[in-house]
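Welcome, and please open the model in your viewer. We will go from stop to stop, selecting a few residues each time.

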Amino acid sequence: MPTRILLEGRPGVGKSTVVRRLAALLLNRRAVGFTTEEIRQGGTRTGFALETVDSGLRAVLAHVDLPGPPRVGRYGVDLGVMERLALPPLRSADPARGELVLIDELGRMELACTAFQDVVRFLFTSEIDIVATVHVKSDPFTDALKRRADIELVQVSRANRDALPEDLAARFDSP
């Protein structure tokens, strides 16, 4: 049975850092998927970039200067970035190759892409191992995942965020 882990935590607690460090620690396993990172200008958050785990391709997913639609808070979201960068590696993920899917994150900006929702639903019913980040805040899509019996919900905190990447790598990277 595949391992399906949701890393849950408040904004800024280190969920994305855990996923990036996990990807870097894997020696015997290929990770596919994406991470997100804040874009800051002069100390102010102005948007979010998306970067693929396996190829390092990077683009602006959301920004205050993007018109949208959709808009999430003050950010316009470029759904084309989800289609061009995030979805291809997720769609081609193959448990037969021993790949680990990393998704950072299952958030409002990413979930604005209905094709992404469809791919995530498929992945969570497939035989592939998954680690994904989610907010503590309630959302119908992520709440449904959190309620599933086959999901391990791990709380990320300042107390455990530094040890989590190595703990997870030890679970997923056995030769």
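Predicted model: local features only at pLDDT ≥ 70, side-chain atom pairs only at ≥ 80, totals over all residues.

Residues are numbered from 1 along each chain as its sequence is written, and side-chain values use heavy atoms, with hydrogens and water left out.

**Stop 1: two helices side by side**

Select residues 79–91, helix α2, and residues 114–123, helix α4. Helices (H or I, at least four residues) and strands (E, at least two) are DSSP runs, numbered from the N terminus. The axes of α2 and α4 are 10 Å apart, at an angle of about 15 degrees. Axes here are lines fitted to C-alpha atoms, for helices over the stretch in contact, and angles run from 0 to 180 degrees between N-to-C directions. That makes α2 roughly parallel to α4; angles under 35 degrees count as roughly parallel, over 145 as roughly antiparallel, 65 to 115 as roughly perpendicular and the rest as oblique.

Now show the side chains: Met82, Glu83, Leu87, Leu90 and Arg91 of α2 meet Ala115, Phe116, Val119 and Leu123 of α4. Contact means heavy atoms within 4.5 Å. By class, this contact has 7 nonpolar, no polar and 2 charged residues (Ala, Val, Leu, Ile, Met, Phe, Trp, Tyr, Cys and Pro count as nonpolar, Asp, Glu, Lys and Arg as charged, and the others, Gly among them, as polar).

**Stop 2**

Next, pick helix α1 (residues 15–25) and helix α6 (residues 164–172), whose axes come within 8 Å and cross at roughly 45 degrees. That makes α1 oblique to α6. On the α1 side, the contact is made by Val18, Arg21, Leu22 and Leu25, and on the α6 side by Leu164, Pro165, Glu166, Leu168 and Ala169. These residues divide into 7 nonpolar, no polar and 2 charged.

**Stop 3: the largest pocket**

Which residues lie nearest the centre of the largest pocket? Select Pro11, Arg45, Phe48, Glu105 and His135 to see them, among the 30 residues of the lining. The largest share of the lining, 4 residues, comes from α1. By class, the lining has 8 nonpolar, 10 polar and 12 charged residues.

**Stop 4: a loop with cis bonds**

Finally, go to the loop between β4 (58–63) and β5 (71–72), where Pro69 lies. A cis peptide bond joins Gly68 and Pro69, with omega about -5 degrees. For background, most peptide bonds are trans.

Terms used:
1 Å grid on protein atoms, 1.4 Å probe; cavity = no way out; pocket = protein on both sides within 12 Å on 5 of 7 lines; lining within 4 Å.
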